[in-house]
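Morning, everyone. I have one protein to show you today. Let me put it on the screen.

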Amino acid sequence: MATDGTADGGLAARTEALESILVEKGYVQPAALDRIISTYERDVGPRNGAQVVARSWTDPDYRERLRADATAAIAELGFGGRQGEHMVAVENTPDEHHLVVCTLCSCYPWPVLGLPPTWYKSPAYRSRAVLDPRGVLADFGVTLPERTRVTVHDSTAEVRYLVVPMRPAGTEGLDESSLAELVTRDAMIGTALL
Ligand code: FE
């Protein structure tokens, strides 16, 4: 019997007290938050945008609507709201590659891409994307043909961009949901090809 009269010397109670202090002081919560954030960065968020891209690849009428009014076309699939109010979709072609940045801060289309990755918010990316887009693309492992023009889009509170990557060759037989699985977050920012 412990001196305080409980079987474990009050260990369970002390553990619980310590845990609540850690949470209260902010030591425990950040770890959990990090996990949630990374889930939204890589998994949950970008899957929405991937559905938009796959739909535009498979449905010419939808593609037209996405070009004309991306906010409304994205809302058709149930995505919208904060940080996604004024969407513009830009399509990559063999002649033109689109790259999205926010030079001022970290404006990003949350409803279709989730939370921005850390590098998107970095001063290095924000400054170099405009000055040397091909250099930035090279850092991401992307080399474009000389003939491909690179257009950089600066996101603001007014306009958020979604890059529609080129549909990979050899995917003619795939249905919309299989196509969506091919679409990556970085491809929709313009820092990756499919
Ligand atoms: Fe911003």
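First, a term: buried means under 20% relative accessible area, exposed means over 50%, and partly exposed lies in between, with a 1.4 Å probe and protein chains only. This is a predicted model, where local features need pLDDT of at least 70, side-chain atom pairs count only at pLDDT 80 or more, and totals for chains, interfaces and linings use all residues. Residues are numbered from 1 along each chain as its sequence is written, and side-chain values use heavy atoms, leaving out hydrogens and water.

Now the overall layout. The protein has 10 helices and 4 strands. Those are DSSP runs, numbered from the N terminus: H or I with at least four residues for helices, E with at least two for strands. From the N terminus, the order is α-α-α-α-β-β-α-α-α-α-β-β-α-α. Of its 194 residues, 39% count as buried.

Next, the metal. What coordinates the iron ion? Cys-102 (SG), Cys-105 (SG), Cys-107 (N) and Cys-107 (SG) do, at 2.1 to 2.5 Å. Donors here are N, O and S atoms within 2.8 Å of the metal, or 3.2 Å for Na, K and Ca; water is not among the atoms, so sites may look incomplete. The donor residues follow a C-x2-C-x1-C spacing. The angles between the 4 donor atoms run from 81 to 130 degrees, so the arrangement is irregular. For four donors, tetrahedral requires all angles between 85 and 135 degrees; square planar for four, and octahedral for six, require opposite donors over 155 degrees apart and all others between 65 and 115; anything else is irregular. Cys-102 is buried, at 0% relative accessible area. Cys-105 is partly exposed, at 37%.

On to charges. The structure holds 10 salt bridges, each a side-chain nitrogen of Lys or Arg within 4 Å of a carboxyl oxygen of Asp or Glu. One of them pairs Arg-63 with Glu-91, closest N and O atoms 2.8 Å apart. Arg-63 sits in helix α3 (residues 60-68) and Glu-91 in strand β1 (residues 87-91), 28 residues apart. Is Glu-91 buried or exposed? Buried, at 18%. Arg-63 is partly exposed, at 32%.

Another salt bridge joins Arg-149 and Glu-96, at 3.6 Å, N to O. Arg-149 is in strand β3 and Glu-96 in strand β2, so this pair ties together parts 53 residues apart in sequence.

Last pair: Arg-128 and Asp-132, at 3.1 Å, N to O. Asp-132 is partly exposed, with a relative accessible area of 32%. Salt bridges with shared partners also join Arg-63, Glu-64, Arg-67 and Glu-91 into one network.
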